[in-house]
Amino acid sequence: NYSLVMKHRKNPIARYINIRITQVFKQAEAWKPYTVNLLGIERDSGLLANRRMKDNAAKFERGLDVLKKDGVLENWIIKKEVRGGRTQNQLVNVFYDLYPTREFASDIKRSNAQVNHIFKKISER
């Protein structure tokens, strides 16, 4: 949905997550989470350039807030991976379970069905 993606034009993280969910989450369901980790997003997107993981997590979560406001995500759950001893805990990675809205999940499934139909027609030729 191009118009929905362009709604996030002021937040490149939100735009990136929206596109990634539609490309990767083929069998989307509102009750089924799409799990991403912050290190993977940082590596693949190039949009999280802060040295501290805490700052990258805050920037990523602002993007998730935009997606929730725009009706892409219903909710998300955070799981933090912390390493360290008794005196200092260091945030190593953050995992996010993203739950799409029913409308967004049905849009994803509908577009995937259209793509599969097109590829089937092409392969029949």
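This is a predicted model: local features need pLDDT of at least 70, side-chain atom pairs count only at pLDDT 80 or more; totals for chains, interfaces and linings use all residues.

**Entry 1: the pocket lining.** I listed its lining residues as Arg52, Met53, Lys54, Gln88, Asn89, Gln90, Leu91 and Val92. I then looked up the space inside the second largest pocket, and the volume came out at about 160 Å³.

Which elements supply at least two residues each to this lining? I found α4 (53-69) and β3 (89-100). Of the contributors, β3 gives the most, with four residues. Sorting the lining by class, I noted three nonpolar, three polar and two charged residues.

**Entry 2: α2 against α4.** The axes of α2 and α4 come within 8 Å, and I read a crossing angle of roughly 70 degrees. I call α2 roughly perpendicular to α4, because the angle falls in the 65 to 115 range. As for handedness, α2 passes α4 in a right-handed crossing.

I wrote down who makes the contact: α2 brings Ile13, Ala14, Ile17 and Asn18, while α4 brings Lys59, Phe60, Gly63, Leu64, Val66 and Leu67. By class, the contact of α2 with α4 holds seven nonpolar residues, two polar and one charged.

**Entry 3: α2 against α5.** Next I kept α2 (residues 12-24) and moved on to α5 (residues 102-124). At what angle do the axes of α2 and α5 cross? I got roughly 50 degrees, with the axes coming within 9 Å. That makes α2 oblique to α5. I logged this crossing, of α2 past α5, as right-handed.

The α2 side of the contact is Asn18, Ile21 and Thr22, and the α5 side is Phe104, Ile108 and Asn112. The contact of α2 with α5 splits into three nonpolar and three polar residues, with no charged ones.

Notes. Residues are numbered from 1 along each chain as its sequence is written. Side-chain values use heavy atoms; hydrogens and water are left out. On a 1 Å grid over the protein atoms alone, a cavity is a set of points where a 1.4 Å probe fits but cannot get out, and a pocket is an open set with protein on both sides within 12 Å along at least five of seven lines; lining residues have an atom within 4 Å of a point. Grid points are joined across faces, edges and corners, and a volume is the space filled by probe spheres set on the points. Ala, Val, Leu, Ile, Met, Phe, Trp, Tyr, Cys and Pro count as nonpolar, Asp, Glu, Lys and Arg as charged, and the others, Gly among them, as polar. Axes are lines fitted to C-alpha atoms, for helices over the stretch in contact, and angles run from 0 to 180 degrees between N-to-C directions. Angles under 35 degrees count as roughly parallel, over 145 as roughly antiparallel, 65 to 115 as roughly perpendicular and the rest as oblique. A crossing is left-handed if the near helix is turned anticlockwise from the far one by less than a right angle, and right-handed if clockwise. Contact means heavy atoms within 4.5 Å.
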